Amino acid sequence: CQRCARLVAYSERVARERRPAFREQSYWGRPVPGYGDAQPRIVFVGLAPAAHGSNRTGRMFTGDGARGAGSTLAAALHRAGLANQPYSDHADDGLVLSDAYLTSIVHCAPPGNRPTMEEVRACLPFLTQELSLLADAAAIVALGQMAYRGCWEALGPQNQKTPPRFAHGQRVSLPDGRRLFACYHPSRQNTQTGRLRPEMLDDVVRRALDNQG
């Protein structure tokens with residue numbers, strides 16, 4: 001995809017220059033596809049690949065360090081019985097997801113981890129198509145406020161562009177009958193400050209699996 005010139009240029013430049021710790025590795029350096037069970041019960045939607053995480057490994061929520069979002073999410077999925085291991089280090093680490101699928105509203109790494117709304121909207125048709133193919137997933141968990149807003153723009157009522165106010169743990173119904181759950185993003189900042197504790201993430205995952213409010 002070449003829709004967002006800024007994101008394409010940044011992802012490719014990071015892949016060429018690389019971080020010193022990964023100097024000997026080959027970076028993915030292009031749009032990162034979703035990953036997981038093709039018939040999931042629950043879909044997790046993040047914001048965008050990390051420059052030296054998914055943009056390096058080529059797999060969603062993978063390779064951003066022991067305390068990064070990918071490791072935090074993998075540990076929660078493992079506790080819920082949705083993953084066979086509690087870590088997500090690289091594309092060949094053996095991670096297998098059951099009943100769960102990982103994707104994002106933007107598939108290319110953005111500078112500063114901040115895509116513009118124009119870039120979000122350019123990528124949303126892919127999310128809409130992706131979710132239409134994952135017909136077995138009755139619950140969608142939006143990780144962070146921008147992912148929540150993006151999911152609403154992709155799947156919400158056409159006559160209601162503004163979603164209900166974001167709040168951790170909130171559940172809203174979508175026109176196609178699915179339910180959208182809001183969750184703080186499992187970023188290093190949120191987990192280290194205590195804004196998102198493991199039990200808070202586990203509770204959202206449990207409710208989404210049960211499809212309960």
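Q: Where does Gln-158 lie?
A: This is a predicted model, and in it Gln-158 is in the loop between α5 (145-155) and β5 (171-173).

Q: Is Gln-158 buried or exposed?
A: Exposed, with a relative accessible area of 60%. The cut-off for calling a residue exposed is over 50%, so Gln-158 qualifies at 60%.

Q: And what separates Gln-158 from Gln-192?
A: Their C-alpha atoms are 38 Å apart, and along the chain the two are 34 residues apart.

Q: Switching to cysteines. How many disulfides are there?
A: Taking sulfur pairs within 2.5 Å as the rule, the count is zero. Cys-123, for one, is in no disulfide, and the nearest cysteine sulfur to it, that of Cys-1, is 6.4 Å away.

Q: Is Cys-123 buried or exposed?
A: Buried, at 11% relative accessibility.

Q: Now helices. How do α4 and α5 cross?
A: The axes of α4 (residues 117-133) and α5 come within 9 Å, with a crossing angle of roughly 60°. That makes the two helices oblique to each other, and α4 passes α5 in a right-handed crossing.

Q: Which residues make that contact?
A: From α4 you get Met-117, Val-120, Arg-121, Leu-124, Leu-127, Thr-128 and Leu-131. The α5 side brings Met-146, Arg-149, Gly-150, Cys-151, Glu-153, Ala-154 and Leu-155.

Q: How do they divide into nonpolar, polar and charged?
A: For α4 with α5, nine are nonpolar, two polar and three charged.

Q: What about α3 and α7, how do those cross?
A: Helix α3 (residues 69-79) and helix α7 (residues 198-210) have axes that come within 10 Å and cross at roughly 55°. They are therefore oblique to each other, and α3 passes α7 in a right-handed crossing.

Q: Which residues are in the contact there?
A: Thr-72, Ala-76 and Arg-79 of α3 meet Pro-198, Leu-201 and Asp-202 of α7.

Q: And by class?
A: The contact of α3 with α7 has three nonpolar residues, one polar and two charged.

Definitions and conventions. Residues numbered from 1 in each chain as written. Predicted model: local features only at pLDDT ≥ 70, side-chain atom pairs only at ≥ 80, totals over all residues. Heavy atoms only, no water. Helix = DSSP H or I, 4+ residues; strand = E, 2+ residues; numbered from the N terminus. Buried < 20%, exposed > 50% of the residue type's maximum accessible area, 1.4 Å probe, protein only. Axes fitted to C-alpha atoms, helices over the stretch in contact; angles between N-to-C directions. Parallel < 35°, antiparallel > 145°, perpendicular 65-115°, else oblique. Left-handed = near helix turned anticlockwise from the far one by under 90°. Contact = heavy atoms within 4.5 Å. Nonpolar A, V, L, I, M, F, W, Y, C, P; charged D, E, K, R; others polar.
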